[in-house]
Amino acid sequence: MEPLLVRHALGTYPVYIAPGALADLPEIVAAHCGARAVALITDTTVGRQYEAWESGSNSAWSMGGDRPRPAHEWATRLSVSPGETFKTRDTWASLTDALLDAGFGRDAALIGLGGGVIGDLTGFVAATYQRGIPFVLVPTTLLAMLDASVGGKTGVDTPQGKNLIGAFHPPVAVVADPATLRSLSDAEYRSGLTEAVKHGFITDTGYLAWIEASTTALLARDLATLEVLIRRSVEIKAGVVASDEREAGTRAMLNAGHTVAHALEQVSGYQLLHGEAVGLGLIAECVMAGRAGILPSGADQRIASLLSRLGLPVRVPFRTRAEPIRHAMGRDKKNLAGAIRFAVPLEIGKMGPRNGSWTVGFDESTIDAGLAAIL
Ligand SMILES: NC(=O)c1ccc[n+]([C@@H]2O[C@H](COP(=O)([O-])OP(=O)(O)OC[C@H]3O[C@@H](n4cnc5c(N)ncnc54)[C@H](O)[C@@H]3O)[C@@H](O)[C@H]2O)c1
Ligand SMILES: [Zn+2]
């Protein structure tokens, strides 16, 4: 299994992407962490799937073949409650207490098996435990595979906001097994696809066209198709991040669709899934860019038609108006001198700064026209 190499400020790490890769986890951990004592951190939902897979019972993750080596033989399992509401300092404290009580020292290593919440939590525990120990990321949601496996960001939420406490601590390896995605809910699965659509939209028309041609296979969660998708998206995000470690320029392009998306998530009280909000954000921002003459008008229809074929919402699925969304966008930390900023590619599939800036501002009537298209 040839891994993809992700470069970061302090080195590189491999991302293993293949159906069935999970069965090689003990060997991958041993290869990258040596003879360290290992703790495997997961949430109760993913933990149940892992147990079913491990015990050989009728599991959505099963690829047939030999039974995997049971985790209890090579790792200590720690489990937390699932969901964003548990991505907190309290959960961080309970995990670090559990590790201390179990006698884990500086020579320990962690595995984060789960979605982005488990990845961020495990990474933050690894960044801080005994001043930093290695960890292996095993993302089990599409969002976590495409997005959280690159960038080295770890952290927890606080009542004041999301991801406000954290550290930069890249994993030593990532294992993305598309077979684990078979147990994901339809909504979570589809929502993860929007980050891939975004990757094609900002950097690669060939990739966008491939996604358009692959909707049936993607909706069927075809493993070979998913392997291609995950590989290309990780490659794109890794390329963008590596070219811009300080998050000043190129990297801003990864925020395409996200100015509107973050506001929609807030206004929905975080009921809208992140990927659903990003899809709606891409449509609205394309409408704005079309009106401002910086993208061809019609870009929004192309994105909306793809998202709709992928079973994603193209209209905000709850009652709201433009005003609260505009208000929430006004509070975005990416704003320059109070003006709301949007990351819009030079053309579909091509990134670059416009007049030296990676983001653009639109006047109020243009913003409202964009929002009206999704309301
Ligand atoms: N570090 C980064 O660069 C980065 C990037 C993107 C997102 N994130 C973070 O990721 C989080 C969102 O991640 P998420 O969408 O994966 O959410 P999540 O981790 O909460 O997972 C969503 C739900 O799916 C369940 N689940 C996970 N894998 C499953 C599987 N294979 N089968 C069945 N159920 C499964 C989980 O138990 C959870 O209930 C946010 O906190 C966000 O800040 C971090
Ligand atoms: Zn995102």
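E1 and strand E2 (residues 11-17) pair in the antiparallel sense over five bridges. Pairing here requires at least two DSSP bridges between two strands. Strands (E, at least two residues) and helices (H or I, at least four) are DSSP runs, numbered from the N terminus. Leu 5 stands opposite Pro 14 in E2.

This is a predicted model: local features need pLDDT of at least 70, side-chain atom pairs count only at pLDDT 80 or more, and totals for chains, interfaces and linings use all residues. Residues are numbered from 1 along each chain as its sequence is written, while chains are lettered from A and ligands numbered from 1 in the order in which they are written.

**Sheet and hairpin**

E1 and E2 belong to an open sheet of seven strands, ordered E1-E2-E9-E6-E5-E3-E4. Its pairing is mixed. Strands E1 (4-8) and E4 (76-80) are the edges, each pairing on one side only. From one strand to the next, the twist averages 20 degrees.

Strand E7 (residues 153-158) pairs with strand E8 (residues 161-168), again in the antiparallel sense and over five bridges. The two form a hairpin with two residues between them. Thr 154 has Ala 167 in E8 as its bridge partner.

**Helices across the strands**

Angles run from 0 to 180 degrees between N-to-C directions, and axes are lines fitted to C-alpha atoms, for helices over the stretch in contact. Contact between two residues means C-beta atoms, placed from the backbone, within 7 Å. Helix H2 (residues 44-54) lies across strand E3 (37-43), E4 and strand E5 (108-114). H2 runs at about 115 degrees to E3. Helix H4 (residues 116-128) lies across E3, E5 and strand E6 (135-139), running at about 170 degrees to E5.

**Helix pairs**

Two packed helices are described by the angle between their axes and the distance between the axes.

| Pair | Axes come within | Crossing angle |
|---|---|---|
| H10 (residues 258-267) and H11 (residues 274-291) | 7 Å | roughly 130 degrees |
| H13 and H14 (residues 364-372) | 10 Å | roughly 120 degrees |

At that angle, H10 and H11 are oblique to each other. Angles under 35 degrees count as roughly parallel, over 145 as roughly antiparallel, 65 to 115 as roughly perpendicular and the rest as oblique. H10 passes H11 in a right-handed crossing. From H10, the contact residues are His 258, Thr 259, Val 260, Ala 261, Leu 264 and Glu 265. They meet His 274, Ala 277, Val 278, Leu 280, Gly 281, Ala 284 and Glu 285 in H11. By class, this contact of H10 with H11 has seven nonpolar, four polar and two charged residues. Nonpolar covers Ala, Val, Leu, Ile, Met, Phe, Trp, Tyr, Cys and Pro; charged covers Asp, Glu, Lys and Arg; the others, Gly among them, are polar.

H13 and H14 are likewise oblique to each other. H13 passes H14 in a right-handed crossing. Ala 322, Ile 325 and Arg 326 in H13 meet Ile 367, Asp 368, Leu 371 and Ala 372 in H14. The contact of H13 with H14 divides into five nonpolar, no polar and two charged residues.

In H10, 10 of the 10 residues are buried, so H10 is largely enclosed by the rest of the structure. A residue is buried if 20 or more other C-beta atoms lie within 10 Å of its own, exposed if 12 or fewer, and partly exposed in between, with C-beta atoms placed from the backbone. His 262, Ala 263, Gln 266 and Val 267 are among the buried residues. The buried residues of H10 pack against H11, helix H13 (322-330) and strand E10 (341-342). Gly 269 follows H10 and has a positive phi, near 65 degrees.

How values were computed
Left-handed = near helix turned anticlockwise from the far one by under 90°.
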